[in-house]
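Here are my notes on the two-chain model you sent. Please read them with the structure open.

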Amino acid sequence: MSIEPVYLLIPLAGIAAAVFLVAVGLRRRR
Amino acid sequence: METDPLVRDYLGRLEAAAWMLPGDRRRELGEEVHEHIDAALAAAGRQDEVAVRNVLERLGRPEEIIAAEVGPGGPPNPTQAPDPADPARRSMGGVEIIALLLLTIGAIFLPLIGPLIGLVFVWSSSYWTRNQKLVATVIVAVLLLITIAGLAVGSGSAAQPQTTRSM
């Protein structure tokens, strides 16, 4: 069974946003 | 949108005048004032020089803003214990953790819905600034739109009848 590569963008969307939010949170605390 | 040179100059003067504030507060104050200027210009409905000058005039001189921020007691003591109620100082709480879990794990187990609910939690949190929430929303929206477009194109081409046949 193969997964369409385009489906991988769905988790990637959330993960990219989460990484950004964590990064700005860490930068502010420094 | 490109920042107007007048606004850039104003924000530069604000940052210079805020030298005695802690770095994170200085940055946050700059973001707040920038957002305020953007909102005032949007409300004015025009972005020309006169409108920008009017908005900046109404805001007052950068030195006055900093004086109001610092207060009569002078600059805050950097050795003072951080105020836990200050959103810039507090660490992530339950809302933020839930938001991040929904954006990451939620996106795997609840495709589309997970990240969207996660964004609702992000917007209900006071931990991030409005601009940061906006960037996160744009990241999710753009990648989800690409996904939906990709799926639409994929199903469109699959629905097309096969025109070439092998001999």
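This is a predicted model: local features need pLDDT of at least 70, side-chain atom pairs count only at pLDDT 80 or more; totals for chains, interfaces and linings use all residues.

1. Overall make-up. Chain A has one helix and zero strands. Chain B has seven helices and zero strands. Along the sequence, chain B reads α-α-α-α-α-α-α.

2. Burial by chain. Chain A has 30 residues, and 33% of them are buried. Chain B has 167 residues, and buried residues make up 19%.

3. Contacts within chain B. Take the contacts between residues at least 6 apart in sequence. Of these, 47% join residues at least 24 apart.

4. The contact between the chains. How many residues does each chain give? Chain A gives 18 residues and chain B gives 29 residues. On the side of chain B that touches chain A, the elements giving two or more residues are α5 (94-109), α6 (113-124) and α7 (130-159). The most comes from α7(B), with 12 residues. By type, this side of chain B divides into 20 nonpolar residues, eight polar and one charged.

5. The largest nonpolar core. This core holds 22 residues. Those touching the most other members are A:Ala13, A:Ala17, B:Leu103 and B:Val140. Two or more residues each come from α1 (9-29) of chain A and from α5, α6 and α7 of chain B. Which element gives the most? That is α1(A), with eight residues. As background, nonpolar side chains tend to be buried together in soluble globular proteins.

6. A:Ala13 in detail. Leave aside its neighbours within four places in sequence. A:Ala13 is then in contact with B:Ala107, B:Pro115, B:Ile139, B:Val140, B:Leu143 and B:Leu144.

7. Helix α6(B). The buried residues of α6(B) are B:Gly114, B:Pro115, B:Gly118, B:Leu119 and B:Val122. They lie on the same side of α6(B), because they cover an arc of only 135 degrees around the axis. On the other side of α6(B), B:Ile113, B:Val120 and B:Ser124 are exposed.

8. Helix α4(B). This helix covers residues 62-70 of chain B, with B:Pro62, B:Ile65 and B:Ile66 buried. Why are these three on the same side of α4(B)? They cover an arc of only 95 degrees around the axis, so they share a side. What covers the buried residues? The cover includes α1 (5-17), α2 (23-44) and α3 (49-59) of chain B.

9. After α4(B). The helix is followed by B:Gly71. The phi of B:Gly71 is positive, near 80 degrees.

Methods: Residues are numbered from 1 along each chain as its sequence is written. Chains are lettered from A and ligands numbered from 1 in the order in which they are written. Helices (H or I, at least four residues) and strands (E, at least two) are DSSP runs, numbered from the N terminus. A residue is buried if 20 or more other C-beta atoms lie within 10 Å of its own, exposed if 12 or fewer, and partly exposed in between; C-beta atoms are placed from the backbone. Two residues are in contact if their C-beta atoms, placed from the backbone, lie within 7 Å. Ala, Val, Leu, Ile, Met, Phe, Trp, Tyr, Cys and Pro count as nonpolar, Asp, Glu, Lys and Arg as charged, and the others, Gly among them, as polar. A nonpolar core is a set of buried Ala, Val, Leu, Ile, Met, Phe, Trp, Tyr and Cys residues joined through C-beta atoms within 7 Å. The arc is that of the directions from the helix axis to the C-beta atoms.
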